[in-house]
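These are my notebook entries on a structure that I consulted for a reader who is new to it. I set down what I looked up, in the order in which I looked it up.

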Amino acid sequence: MPHSNQPNYLRGWIVAYFGGFQQLASALNLSTSTVSDWTTQNPRNMLKYSPEIRELSSTTYDEIVEAVKRTETELEKATA
């Protein structure tokens, strides 16, 4: 999938729960680039960190999966 700077569901979700990419990346000991890639190329990679994300926020596993699915759909539509 091509890289996009357009807003999408996962971008907003990360901002809502963590304040931004840098905050989530720091909390997970990842690079900001990795977190950004979840929103532009590979949302499913975020699922590897779902236990940690749930511990760091008030979100549920189902909400994480929904954010990933919605973003995948948005990215697929953008490339169609």
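Entry 1, the whole chain. I began with contacts, where contact means heavy atoms within 4.5 Å. Among contacts in the protein between residues at least 6 apart in sequence, I found that 59% join residues at least 24 apart. I note that this is a predicted model, in which local features need pLDDT of at least 70 and side-chain atom pairs count only at pLDDT 80 or more, while totals for chains, interfaces and linings use all residues. Residues are numbered from 1 along each chain as its sequence is written, and side-chain values use heavy atoms, with hydrogens and water left out.

I then looked up the secondary structure, in which helices (H or I, at least four residues) and strands (E, at least two) are DSSP runs, numbered from the N terminus. The protein has 5 helices and 0 strands, and its pattern along the sequence reads α-α-α-α-α.

For overall dimensions, I noted that the C-alpha trace spans about 35 × 25 × 20 Å along its principal axes. The radius of gyration is taken over C-alpha atoms, and the globule rule is 2.2 Å times the number of residues to the power 0.38. For 80 residues a compact globule would have a radius near 12 Å, and the protein agrees with its 12 Å.

Accessible areas come from the Shrake-Rupley method with a 1.4 Å probe, and for residues only the protein chains shown count as cover. I recorded an accessible surface of about 4,700 Å², of which 46% belongs to carbon and sulfur atoms. Buried means under 20% relative accessible area, exposed over 50%, and partly exposed in between (1.4 Å probe, protein chains only). Of the 80 residues, 36% count as buried.

I searched for pairs among the rings of Phe, Tyr and Trp (its six-membered ring), which pair if their centres lie within 6.5 Å; planes under 30 degrees apart count as stacked, over 60 as edge-to-face and the rest as tilted. The search of the whole structure gave 3 aromatic pairs. In one of them, the rings of Trp 13 and Tyr 17 have centres 4.7 Å apart and planes at 45°, so this pair is tilted. Both residues lie in helix H1 (residues 9-18), 4 residues apart, about one turn of the helix. Trp 13 also forms a tilted pair with Phe 18, at 6.4 Å centre to centre and 55° between the planes. Trp 13, Tyr 17 and Phe 18 form one aromatic cluster.

Leu 24 is in helix H2 (residues 21-28) and counts as buried at 0% relative accessibility. Leaving aside neighbours within four places in sequence, Leu 24 is in contact with Ile 14, Phe 18, Val 35, Trp 38 and Ile 53. I also looked up Leu 24 against Lys 77: the two are 53 residues apart in sequence and 26 Å apart in space, C-alpha to C-alpha.

Asn 29 lies in the loop between H2 and H3 and is exposed, with a relative accessible area of 72%. Its phi is near 60°, a positive value in a residue other than glycine.

Is Thr 59 buried or exposed? I found Thr 59 buried, at 7% relative accessible area.

Not counting residues up to four places away in sequence, Thr 59 touches Trp 13, Tyr 17, Ile 53, Arg 54 and Ile 64.

A salt bridge is a side-chain nitrogen of Lys or Arg within 4 Å of a carboxyl oxygen of Asp or Glu. By this rule I counted 1 salt bridge. The side chains of Arg 44 and Glu 72 meet in a salt bridge at 2.6 Å, N to O. The pair links distant parts of the chain, 28 residues apart: Arg 44 is in the loop between helix H3 (32-40) and helix H4 (50-56), and Glu 72 is in helix H5 (residues 61-79). Arg 44 is exposed, at 53% relative accessible area, whereas Glu 72 is buried, at 14%.
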